[in-house]
Amino acid sequence: MISDIIFTNDSNSFKEIFKQFTDVKSFVLVDENTEKYCLSEIERYLPKGFQLIKIQSGESNKTLNTVAQIWETLSTKGANRKSLLINLGGGVIGDMGGFAASTFKRGIPFINIPTTLLAQVDASVGGKTGFDFMGLKNEIGCFSAPEKVIIYPQFLKSLDKENILSGFAEMIKHALIHDAKHYQKLKTFNIQNTDFDYNELLQLIKQSVSIKKHFVENDPYEKNIRKALNFGHTFGHAFESYFLGTDKELLHGKAVAFGMIFDAVLSNKKCTFPMEKLFDITNFITRLYGKLKFTKEDYEKLFALMQHDKKNEQQQVNFTLLSAIGEVKINQTASKTEIFEAFDYYLHLD
Ligand SMILES: NC(=O)c1ccc[n+]([C@@H]2O[C@H](COP(=O)([O-])OP(=O)(O)OC[C@H]3O[C@@H](n4cnc5c(N)ncnc54)[C@H](O)[C@@H]3O)[C@@H](O)[C@H]2O)c1
Ligand SMILES: [Zn+2]
């Protein structure tokens with residue numbers, strides 16, 4: 001399940017990497033944005049005569065229809081078992097391209113070149129592929145690892161601030177569940193000024209990926225410790241669904257950022273997570289992501305969304321919490337009252 005991951009800020013590295021694929025019939029999957037902003041930067045290094053497959057960007061296109069479109073091009077353009085699919089894009093491209101490759105002729109090799117921060121730090125590890133089905137996210141898919149993942153932060157130059165911050169939230173999560181030092185480094189990195197120090201960012205991404213790798217390697221099929229990666233996600237998913245289609249719609253990472261504040265509140269209540277660390281996390285996340293607007297009237301609906309998680313029993317909801325920064329506690333539960341108290345904490349902040 002573990003791929004070879006290459007980290008580089010030098011576009012010449014692509015030349016080296018693709019040298020070994022010169023004789024392979026190759027396909028490159030892009031959307032209109034990654035075609036415009038990313039392809040030109042590396043096109044000259046990709047296998048000669050590659051066939052471009054272009055799909056429409058966005059989660060709403062992460063569908064069976066789009067996957068069929070990819071299969072169709074592979075088939076009509078003569079892909080064989082040794083052909084290579086190169087997925088150049090964010091998590092949507094990586095998930096769908098990975099699935100299409102894993103199932104075409106019972107599986108052809110694929111390489112992921114993630115072009116969003118979220119895809120670089122999160123989707124790059126773990127071998128999850130798939131698409132949305134019947135209104136359910138990632139309902140169909142399989143575990144299948146790419147041959148290689150190439151992480152080139154320079155692609156982030158054209159990415160909007162909202163998407164940068166969304167990916168950064170998953171980096172904060174990785175730090176909170178496993179590495180207090182990394183958390184301190186993230187706090188001093190100026191992610192809001194998009195004129196980054198790319199070498200520093202590369203190091204931060206590397207550390208973040210190694211944390212995700214640690215949890216995935218120890219539990220590839222999410223039976224126990226991989227659940228650590230769900231920190232911030234029970235509340236986060238509820239906020240994401242609740243505001244979906246409204247003018248307050250949240251990107252996944254931003255929803256998770258807020259979710260981490262609420263999980264930190266529960267951690268303080270149930271796992272002796274220190275109060276001053278709770279304040280620290282609250283301040284850091286509020287500084288970057290602003291304040292989530294909701295009222296007491298929203299509590300019941302948010303709670304209902306959290307309960308929808310099939311793993312939950314009755315009035316208890318499952319959580320991944322912390323006992324300290326870097327110390328994670330999986331399989332924790334909280335009652336409706338405790339969850340409402342966490343909402344109260346947030347609404348009482350000035
Ligand atoms: N497989 C996994 O383990 C895993 C992990 C996390 C998320 N995901 C999946 O990833 C998806 C979200 O990924 P995402 O946040 O990357 O979204 P995305 O792929 O939709 O990309 C966000 C937007 O940025 C554009 N874009 C991509 N790279 C760009 C660049 N360099 N410059 C300018 N624009 C660019 C895209 O065209 C798109 O419009 C979800 O479907 C989620 O389920 C998968
Ligand atoms: Zn996430």
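Biologist: Which residues of α9 are buried, and how is that word to be read?

Modeller: A residue is called buried if 20 or more other C-beta atoms lie within 10 Å of its own, exposed if 12 or fewer, and partly exposed in between, with C-beta atoms placed from the backbone. In α9 the buried residues are His233, Thr234, Phe235, Gly236, His237, Ala238, Phe239, Glu240 and Tyr242. Helix α9 (residues 233-242) is thus mostly covered, with nine of its ten residues buried. Helices (H or I, at least four residues) and strands (E, at least two) are DSSP runs, numbered from the N terminus.

Biologist: What covers the buried residues of α9?

Modeller: The cover includes α10, α12 (299-307) and β9 (317-324); two residues count as in contact if their C-beta atoms, placed from the backbone, lie within 7 Å. Please note that this is a predicted model, in which local features need pLDDT of at least 70 and side-chain atom pairs count only at pLDDT 80 or more, while totals for chains, interfaces and linings use all residues. Residues are numbered from 1 along each chain as its sequence is written, and chains are lettered from A and ligands numbered from 1 in the order in which they are written.

Biologist: At what angle do α6 and α10 pack?

Modeller: Axes are lines fitted to C-alpha atoms, for helices over the stretch in contact, and angles run from 0 to 180 degrees between N-to-C directions. Here α6 and helix α10 (residues 252-270) pack at about 40°, and their axes are 7 Å apart. The crossing is left-handed, a term used if the near helix is turned anticlockwise from the far one by less than a right angle; clockwise would be right-handed. Among the residues that make the contact are Leu165, Phe168 and Ile172 of α6, and Val256, Ala257 and Met260 of α10.

Biologist: How many residues surround ligand 1?

Modeller: A residue belongs to such surroundings if its C-beta atom, placed from the backbone, lies within 6 Å of the molecule. For ligand 1 there are 29 residues, the closest being Asn33, Ser57, Gly90, Gly91 and Thr116. Helices α2 (32-42), α4 (91-103), α5 (117-123) and α6 (161-178) each supply at least two residues of this shell. By class, the shell has nine nonpolar, 14 polar and six charged residues. Ala, Val, Leu, Ile, Met, Phe, Trp, Tyr, Cys and Pro count as nonpolar, Asp, Glu, Lys and Arg as charged, and the others, Gly among them, as polar.

Biologist: Which domains does the domain assignment give?

Modeller: Domain bounds come from an automatic or database domain assignment. For this protein it gives domain 1 (4-158) and domain 2 (161-347). Their centres, taken over C-alpha atoms, are separated by 28 Å. Across the boundary, 16 residues of domain 1 are in contact with 19 residues of domain 2. On the side of domain 1 that touches domain 2, the largest share, five residues, comes from α5.

Biologist: Which residues other than glycine have a positive phi?

Modeller: Most residues other than glycine have a negative phi. Lys105 has a positive phi of about 50°, and Asn331 has one near 55°. Lys105 is found in the loop between α4 and β5 (110-114), and Lys105 counts as partly exposed because 14 C-beta neighbours lie inside 10 Å. Asn331 lies in strand β10 (residues 327-334), and Asn331 counts as exposed because the neighbours number 11.
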